[in-house]
Amino acid sequence: MPINLRAFTADPTGVMDSRLALQMAIDRAATTGAQVFIPAGRYRIVWDRSAPRVINVPGNVRIVGESQHSTVLKFEPNEYDFGVSGIDAIRVPGPYHLSIEQLTLQGPDANTHAIGAFPAV
């Protein structure tokens with residue numbers, strides 16, 4: 001049975017930060033083998049220098065949105081880090097068995113990478 005992101009109090013309106021809710025849903029999926037389902041909405045994911053790995057996705061996790069056009073993860077820096085580059089939005093430490101489907105990943109500007117996949121150190 002899929003793990004619904006809203007069960008972790010994610011805000012589909014984009015007003016509140018849903019970063020912790022998304023991380024908790026992914027962590028649960030990693031331990032249970034279930035997929036994470038993200039219903040339609042615009043989920044705000046805020047990062048800062050104290051959390052350079054915004055969303056840490058272990059291997060063998062599947063994240064599925066309701067649809068590419070109705071499910072958006074909007075990644076943005078906090079008010080103090082606006083303009084800072086080199087912060088990863090999603091980090092996959094490996095192994096790289098990851099699936100992200102039927103959703104849009106949106107950064108604040110052209111210099112933002114929505115997904116970074118790097119080997120674990």
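I began with strand S5 (residues 61–65), which 4 bridges join to S8, and these two strands run parallel. For the terms, I noted that two strands pair if DSSP finds at least two bridges between them, and that strands are DSSP runs of E of at least two residues, numbered from the N terminus. The model is predicted, so I kept in mind that local features need pLDDT of at least 70 and side-chain atom pairs pLDDT 80 or more, while totals for chains, interfaces and linings use all residues. Residues are numbered from 1 along each chain as its sequence is written, and side-chain values use heavy atoms, with hydrogens and water left out.

Next I looked up the partners across the strands. Arginine 62 stands opposite serine 99 in S8, and isoleucine 63 stands opposite isoleucine 100 in S8. On the S2 side, 3 bridges join strand S2 (residues 36–38) to S5, again in parallel, and valine 36 stands opposite isoleucine 63 in S5.

Then I turned to serine 99, which touches Val61, Arg62 and Ile63 (heavy atoms within 4.5 Å), when residues up to four places away in sequence are not counted. I also found a polar contact of 2.4 Å between the side chains of serine 99 and glutamate 101, where the term means a pair of N or O atoms within 3.5 Å, one able to donate a hydrogen and the other to accept it.

Last, I put the sheet together: it is open, has 4 strands in the order S1-S2-S5-S8, and its pairing is parallel. Strand S1 (3–4) and strand S8 (98–101) stand at the edges with a single partner strand each, so one side of each is left without a neighbour in the sheet.
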